[in-house]
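The following exercises concern one protein structure. Please examine the sequence and the coordinates before reading each solution.

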Amino acid sequence: MPHRIAEAEAALQAGRLDEGIALIESLLTEEPRSPQRLYQNFTSLLYRKGLYEKGADWSRAGLEVYPRDADLWNILGVCLRRLGRPEEALKALNAGLKVQPKNEGLQQNKGNVLNDLKDGPGAVAIFSRLVRNAPTNAEMQRALGRGLWRSEEFDKAEMRFRLAARLKPDLIDAWLDLSALLAETKSSDAAVAVLEEALRSQDSPRLMEAKAVALRRGQKLRLSEAYILEVLKTRPDEPWAHYQLGAVISDIDRPRANTHLRRAVELKPDDRDYRMALVESLVRSRHGNEAAHLDDAYTELKAASALGPLSGPAQLKVASEVLSRVADFEGLDAVCDFKATGRMWAEEGRHTALLSQLSRVKAPEDRDELIFQHRTWGELVQGRVKRYPLRRPKAPRPDNGKIRIGIMSSDLRMHPVAYFSLPLFENIPRDRFEIYCYSYYQGQEDSLQKRIADLVDVFRWEQEISDFDAAQMICDDQLDMLIELGGSTHMNKLNVMAWKPAPLQASWLGYPHSSGLDTIDYLIIDPYLVPSRRELLIEKPLLMPSSWIAMGELAFPERPMAAEPPVVANGYVTFGTANNPYKYSRAMVAEWAKVTAAVPGSRFMFVRPEGGTAAFRDNITAIFEAEGVSRDRLRFEAVRGAHMPFYNEMDISLDTFPQTGGTTTCESLWMGVPVVTLVGAGLFERLSCSILGNAGLHDLCAGDMDGYRDAAVKLAGDVERLRKLRRELRPTLKASRLGQTKTFAADFYKMLEAAVTAHKAANETPAAKALA
């Protein structure tokens, strides 16, 4: 044995790591009862070299022979921690502490795992003892600070981080923890100041990157960009600088962002975070050839996956976005579990990711799970904002006899949200209402934003403002009611609602589900949208009398429309969709295929930019072919923003489910193309039902899958009705509540007035009531 150990040591000393490891593995496999010290040294080597899986395996092998070896339990624990398996790590470390209860190495590693598990009090108990024995140990002071942070003892945590940084000024992690704590509990300015203090004594890339991130998270995007550009002048090949610059400018200059993110990946190809940031930017690129960007995103996602399993809420969110857009449902199911991943997103504050969950509902209990996930997110955010209370006005605003309504959305521009809300701005009852708007849009002002700004009393456009400062700004305006229209969609600030800057708050239009915040009093909907069970709404429903939306002239002008449905000339029916693939599922696409198969000679047309990618076409085609529909019966039109003329080549639009269409349903009907929808229990499953119901097309709203298929097949066989609908749908919409924008606005303001009046009456002081 000694000569074999010497041979392995010689290989390791010569830098032949793989050879040395293989020699020791062979020895231990043949002679498992090798000396204890060999197991200890070998597993320590594996840990130092980052071979954590091997380290854990050989630690276990050694423990089978030497079960009371505390060092092997310790190495097993730290390897498992590095592998992201903290619960298993904790068990291993506890086993070691049973053997040696006073082993400080085991105690320290257990404390670190408890910090990972967010068990602040447990970590504090361990590190308080260790710090008493070694008060000048900066690492211990920092670890104690992390435990105090987890325990929400923020002042004590700050003191420990500052002490750690003073004891060891080059302990970068202490400075980073301190800045992160200050960003969370005080302000981004405080975080930046600490990082600048640290940078005065050391030229650390990690500290530089942290400063850039702190500026960005504080919404000081232009300062962050300028700082990174200054760094790149002297460090042009600094990977983090290209990575962070791409993140900073992605909303204002996507092509340039992609260039910098690609450069970051070139400089550091094994960094999965860098590659996933590039994937995210590519999948959201709308300039140039969108299909080519999506193809690149899919390719880069595969490259990132090859570096190891995707993990963490951010990576899984980006992966789900790409996989949904290319209809890779098998890949999506492999990386995203409806319950586990959804809860992870909620617990980590990733509200935007929850939108993708709507299309994955399969069973009644899934709807309840969605409510749970949204509530989890809401409780997290509401808990955070309690630390930073708003400064409430001491005196009420002067009474001018008007109700002051706030509308918060970054989509008050050329965007569907603005198209549907425009009738409210064009028909303000100025004798009774004042309208304040709040936008955080990062782009350039367009003609519609300017038009809305001219129509309302106040339009506050703040491109660089934190959530807290936005909430304080709204609070200072002393609204009677605040309505948010964006949910957590891009550039919106749903978190602002958690501070309750207005006494009465509501959601409308932008997000087809309860947001999860208890501070939002109402969800503005109509009778068609009311869920079948009250438990499927968190807010109280605030009901419009017939329709929750109106189709304004800007979004629905007199576009050219074919006089006849295409079946008349073609001799076959063309089904189709322009709905976003994030609403698709394998089962839903299969149902579309079954409908197409049931109508001899029929075709199916996808009017989506994703149709330009081979992956999307191949994945969709495979599902249709499995149901007996050949590839030549499918048509893919890869367009964005120029899709409306294609309705002239479509006979029937098949709706998505469980999450239905909204804007696309309106567009389809406006072009004379009927929509067949499946009505479910939740709000997000009833959007098309509301539109069709208000248009008088109740028979196209099916209550089950058989009814959906039957309605589509029956309509496909009734060419005369298709011709009649082509002629009459647009006039019908104009005459309905959907087309009566002035009536809609009057109903909307009447509804708001009743809600505000009732709220004021319910909260009136006894003295005020007596005076009245």
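**Exercise 1: Histidine 513**

In this predicted model, histidine 513 is located in the loop between β5 (505-507) and β6 (522-525). Determine whether histidine 513 is buried or exposed, and identify its contacts.

Solution. Step one: the relative accessible area of histidine 513 is 6%. Step two: buried means under 20%, so histidine 513 is buried. Step three: when neighbours within four places in sequence are left aside, histidine 513 is in contact with Leu358, Leu370, Ile371, His374, Leu523, Leu683 and Phe684.

**Exercise 2: Two helices**

Determine how helix α24 and helix α34 pack.

Solution. Step one: α24 (residues 416-426) and α34 (residues 741-762) pack at an angle of about 75°, and their axes are 9 Å apart. Step two: angles of 65 to 115 degrees count as roughly perpendicular, and α24 is therefore roughly perpendicular to α34. Step three: α24 contributes Pro423, Leu424 and Phe425 to the contact, while α34 contributes Thr741, Phe744, Ala745, Phe748 and Tyr749. Step four: by class, these residues comprise seven nonpolar, one polar and no charged.

**Exercise 3: The second largest pocket**

Describe the volume and lining of the second largest pocket.

Solution. Step one: the second largest pocket holds about 560 Å³ of space. Step two: 30 residues line this pocket, and the closest to its centre are Ser359, Val361, Lys362, Ser585 and Pro658. Step three: α19 (313-325), α20 (329-335) and α28 (586-598) each supply at least two lining residues; α28 gives the most, with four. Step four: the lining has 14 nonpolar, eight polar and eight charged residues.

Key:
Residues are numbered from 1 along each chain as its sequence is written. This is a predicted model: local features need pLDDT of at least 70, side-chain atom pairs count only at pLDDT 80 or more; totals for chains, interfaces and linings use all residues. Side-chain values use heavy atoms; hydrogens and water are left out. Axes are lines fitted to C-alpha atoms, for helices over the stretch in contact, and angles run from 0 to 180 degrees between N-to-C directions. Angles under 35 degrees count as roughly parallel, over 145 as roughly antiparallel, 65 to 115 as roughly perpendicular and the rest as oblique. Contact means heavy atoms within 4.5 Å. Ala, Val, Leu, Ile, Met, Phe, Trp, Tyr, Cys and Pro count as nonpolar, Asp, Glu, Lys and Arg as charged, and the others, Gly among them, as polar. On a 1 Å grid over the protein atoms alone, a cavity is a set of points where a 1.4 Å probe fits but cannot get out, and a pocket is an open set with protein on both sides within 12 Å along at least five of seven lines; lining residues have an atom within 4 Å of a point. Grid points are joined across faces, edges and corners, and a volume is the space filled by probe spheres set on the points. Buried means under 20% relative accessible area, exposed over 50%, partly exposed in between (1.4 Å probe, protein chains only).
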